[in-house]
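Load the model in a viewer and keep the selection panel at hand.

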Amino acid sequence: MAESPVKCPTLFSPCKMGRFNLSHRIVLAPMTRCRALNGIPQPANVEYYVQRATQGGFLITEGTLISPTAAGFPHVPGIYTREQIDAWKKVVEAVHAKGSVIFCQLWHVGRASNQVYQPGRTEAPISSTDKPISGRWRILMPDGTYGKYPRPRRLDASEIPEIVQHYRQAAINAIEAGFDGIEIHGAHGYLIDQFLKDGINDRTDEYGGSVANRCKFLMQVTRSVASAIGPDRVGVRISPAIDHLEAMDSDPLNLGLAVIERLNKLQDELGQKLAYLHMTQPRYTAYGQTESGRHGSEEEETRFMRAWRGAYKGTFICSGGFTRELGIEAMACGDADLVSYGRLFISNPDLVKRFEVNAPLTRYVRATFYTKDPVVGYTDYPFLDQGRRESDIRSRL
């Protein structure tokens, strides 16, 4: 008698992610939205995440600051003060009431900042280097205008343990706020990526030069955070092939494999897997193509992602420009365990339902991505069943 063929999972299949049992594989990607006034989550933040929560779903928060030096956008939330922790508790409690799992993404932008976001509004932002981001890129300022990225201050090796401690304490704070876990943001040209990429990292000490040295900061952060809250509550996000904010590497394939080799080794040493590895497709940047325009062929993208997927021993999340069809294809080809969606989730709070019934999608409005308005472009996108949404909102008021 012939054996039954093994069924591939779909976007709507259950998934066991370590200790967490998910009912589907559509993840809310972390996205900066600038609605946490003065760095503190507001009622609008509660509503935003609740709208996108589903029974057995998985949400990752926007980048959340680990310290006062970490910001590079106005009104992004932190997780380093008592007031911030208490405000996040309200978000987490509401999301848990909807049956979702939620992780807090821990963020430090490094050189992608400006003096106006630094303590005293005069200090230079910190980085692996003292090379600034070029004038081809502009930073969003608190008044809504765009400014230049200044020259950063190269961290001394003796200062790095303090930054590692900031990540560790932020993770502890996130668990105190009720989060199910945290994601270390090591991608997209921000602080950890500034250590990983040889196009930025020009250090000659133990944190620069060889790929082993460039991976050191990320691995110190990951080990410290995992020891504080448990490996199975820690996810890591990297983007070896993305050159957003001029974060370029001469050998992105092997950089990714080097990080994965070290994460696998750490898991073996700890005797427990991390929650997941979150990888961004080479085709992604915030503006739809890489900064240099040289993101390579579709075949190269597929080769990179499959090499990383095959090497990592654990749950693998992919992100970057996915549609419903591309997500279904990724599942069918075994290219990922979960797929995270960003911009489509902004304008379709019920994206999971829309994907399930293959309903039309609402277009997002890019001009409202980074405003501080608590409603417009944030919580006012329609649901398929608008009447039920309004009833649900009224019941929580």
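**Stop 1: the end of helix 3**

Select G178, which sits just after helix 3 and takes a positive phi of about 105°. Helices (H or I, at least four residues) and strands (E, at least two) are DSSP runs, numbered from the N terminus. This is a predicted model, in which local features need pLDDT of at least 70 and side-chain atom pairs count only at pLDDT 80 or more, while totals for chains, interfaces and linings use all residues. Residues are numbered from 1 along each chain as its sequence is written, and side-chain values use heavy atoms, with hydrogens and water left out.

**Stop 2: helix 3 itself**

Now select residues 160–176, the 17 residues of helix 3.

Which residues of helix 3 are buried? They are I160, I163, V164, Y167, A170, A171, N173 and A174, where buried means under 20% relative accessible area, exposed over 50% and partly exposed in between (1.4 Å probe, protein chains only). An α-helix has 3.6 residues a turn, so residues three or four places apart point the same way.

Show the partners of these buried residues next: helix 2 (82–97), strand 5 (101–107), strand 6 (126–127), strand 10 (181–186), helix 4 (191–196) and helix 6 (216–229). Contact means heavy atoms within 4.5 Å.

**Stop 3**

Move to the loop between strand 3 (26–28) and helix 1 (43–51), and pick C34. C34 is not a glycine, yet has a positive phi of about 60°. With a relative accessible area of 1%, C34 is buried.

N38 lies in the loop between strand 3 and helix 1 too, and has a positive phi of about 55° although it is not a glycine. Is N38 buried or exposed? At 69% relative accessibility, N38 counts as exposed.

**Stop 4: the whole chain**

Zoom out to the protein chain, with its 12 helices and 14 strands. Its radius of gyration is 20 Å, close to the 21 Å that the globule rule gives for 397 residues, so the chain is as compact as a globular protein of that length. That radius is taken over C-alpha atoms, and the rule is 2.2 Å times the number of residues to the power 0.38.

Colour by burial: 57% of the 397 residues count as buried. Among contacts with a separation of 6 or more, 73% join residues 24 or more positions apart.

Notes. The expected span of a helix is 1.5 Å times one less than its number of residues.
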